[in-house]
Amino acid sequence: MYDKITPPTTGAKITFKNGEPVVPENPIIPFIQGDGTGIDIWPATEKVLNAAVAKAYKGTRKISWFRVYAGDEACDLYGTYQYLPQDTLTAIEEYGVAIKGPLTTPVGGGIRSLNVALRQIFDLYTCVRPCRYYAGTPSPHKTPEKLDVIIYRENTEDIYLGIEWKQGSEIGDRLIKFLNEELIPATPEHGKKQIPLDAGIGIKPISKTGSQRLVRRAIKHALLLPKNKQQVTLVHKGNIMKYTEGAFRDWGYELATTEFRQETVTERESWILGNKEKNANLSLEENARMIDPGFDSLTPEKKAQIVKEVETVLNTIWESHGNGKWKEKIMVNDRIADSIFQQIQTRPDEYSILATMNLNGDYLSDAAAAIVGGLGMGPGANIGDSCAIFEATHGTAPKHAGLDKINPGSVILSGVMMLEFMGWQEAADLVKKGLGDAIANSQVTYDLARLMEPPVKPLKCSEFADAIIKHFG
């Protein structure tokens, strides 16, 4: 089955049932050390995770690590341009859950991005990026401790599908001509718009299936959170792009109010229910006026539509959600993309889970990570229905490779996400406690040490791992 690697002789496979992992006591987990500083940060991560599992379960559980290869180190073993060998793909498919360090983007090898390739090959449609603050971490923000969000980013559509044509290419020019002369004029809402003849062209597909399976995972995650954090915010630019970004929002609401009807309430529904709770004699039109401040200036048709919305909500969910019961449900709301960038800085404690399309989530996850200390402290996961890969969110930083210097926090916290995904919460909690206490005691690597006031003597990468383990308690 394998060409140049051999699986561990002990351990069992993680399998999936209805999109959720079924984890044995001794799972075999493939790992990719990673390029550049992967040589430093992976050994530190493995040491911390092994120590946490050993302490939490007293030998009844253990991970059997299976080294596989990707990136530059794969080329060293398998040959030129073999950035993603079949051995690695076979191992990840067979064992279900994997973790990796940072990978080099290939030059001239035919793969745009190894990370994107892995997501597409295994249909890892959900990118999960938690952003929470650990006390003592240097931050440019005045109150970074208020931000504790989990970003659910769609991983397979939008711009990351990568369908585009270069400016001046034959197909690109033909497509522009067809759009300008045939399709755009045939759509009255586009008016006299025309695409410049010297433009590059890209396709931005957003599907109902892709949108709803992402939102489904976000809502399922929200169900596991404390009551005060049970909220899912749909992030979009639907005020401009109504049939892609706006559709993402609409399909998200549709899923929440059908598949999760008993567990969720939308923001507008909460206003309608709350208005009736405050005044049981409120008319439908008065309620409609309260949820839409511009009600009186609307056309009769639009007024009737909002009144009908109020009536439908009260008729269908008053019994199950009224009289304050909606306050115990998952709140589903939506925010315009540019607005949420401001709000995670000015009102960060109002948000919990952000569900976004690909490009918005790409920007938003890095912006949120900056608030809580940067990508060095940012974990990530790519999850599908039959596979999950946990990963460092930063680059390879080759100039620091082999110096035992770099911060391993991103991969360690990705390991925490992996443990939580596996249901090994006790071990995950130990790592979070150890890492948090190490930082609070100024036991940090150079990237954090130089930003502390006053600056402190930095630990080596390996020493930081030891400090985390000592703080398990």
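Predicted model: local features only at pLDDT ≥ 70, side-chain atom pairs only at ≥ 80, totals over all residues.
1. Residues are numbered from 1 along each chain as its sequence is written, and side-chain values use heavy atoms, with hydrogens and water left out.

2. Asn382 is buried, with a relative accessible area of 2% (buried means under 20%, exposed over 50%, partly exposed in between, using a 1.4 Å probe and protein chains only). Its side chain makes a polar contact of 2.6 Å with the side chain of Asn155. A polar contact is a pair of N or O atoms within 3.5 Å; within protein, one must be able to donate a hydrogen and the other to accept it, and residues adjacent in sequence count only if both atoms are side-chain atoms. Beyond four places in sequence, the contacts of Asn382 include Arg119, Leu124, Cys127 and Glu391, where contact means heavy atoms within 4.5 Å.

3. Thr156 is worth a look too, in the loop between strand 7 (148–154) and strand 8 (164–165). Thr156 counts as buried at 12% relative accessibility, and its side chain is joined to that of Glu154 by a polar contact of 2.7 Å. Setting aside neighbours within four places in sequence, Thr156 is in contact with Asp123, Leu124, Tyr125, Leu161 and Arg213.

4. On to the annotated site: UniProt, in an unreviewed entry, lists Ser113 for "modified residue: Phosphoserine"; such annotations may be inferred rather than shown by experiment. Ser113 sits in the loop between strand 5 (97–100) and helix 4 (114–121). Ser113 counts as buried at 18% relative accessibility, and its side chain reaches the backbone nitrogen of Asn115 at 3.3 Å.

5. Now the nonpolar cores, meaning sets of buried Ala, Val, Leu, Ile, Met, Phe, Trp, Tyr and Cys residues joined through side-chain atoms within 4.5 Å. The largest has 76 residues, of which Trp65, Val232, Phe390, Met418 and Leu435 touch the most other members. Helix 13 (residues 409–422) gives this core its largest share, nine residues. Apart from it lies another core of 26 residues, among them Tyr2, Ala74, Leu103 and Leu114.

6. Finally, the domains: an automatic or database assignment divides the protein into domain 1 (1–125 + 380–472) and domain 2 (164–202). Their centres, taken over C-alpha atoms, are separated by 44 Å.

Methods
Helix = DSSP H or I, 4+ residues; strand = E, 2+ residues; numbered from the N terminus.
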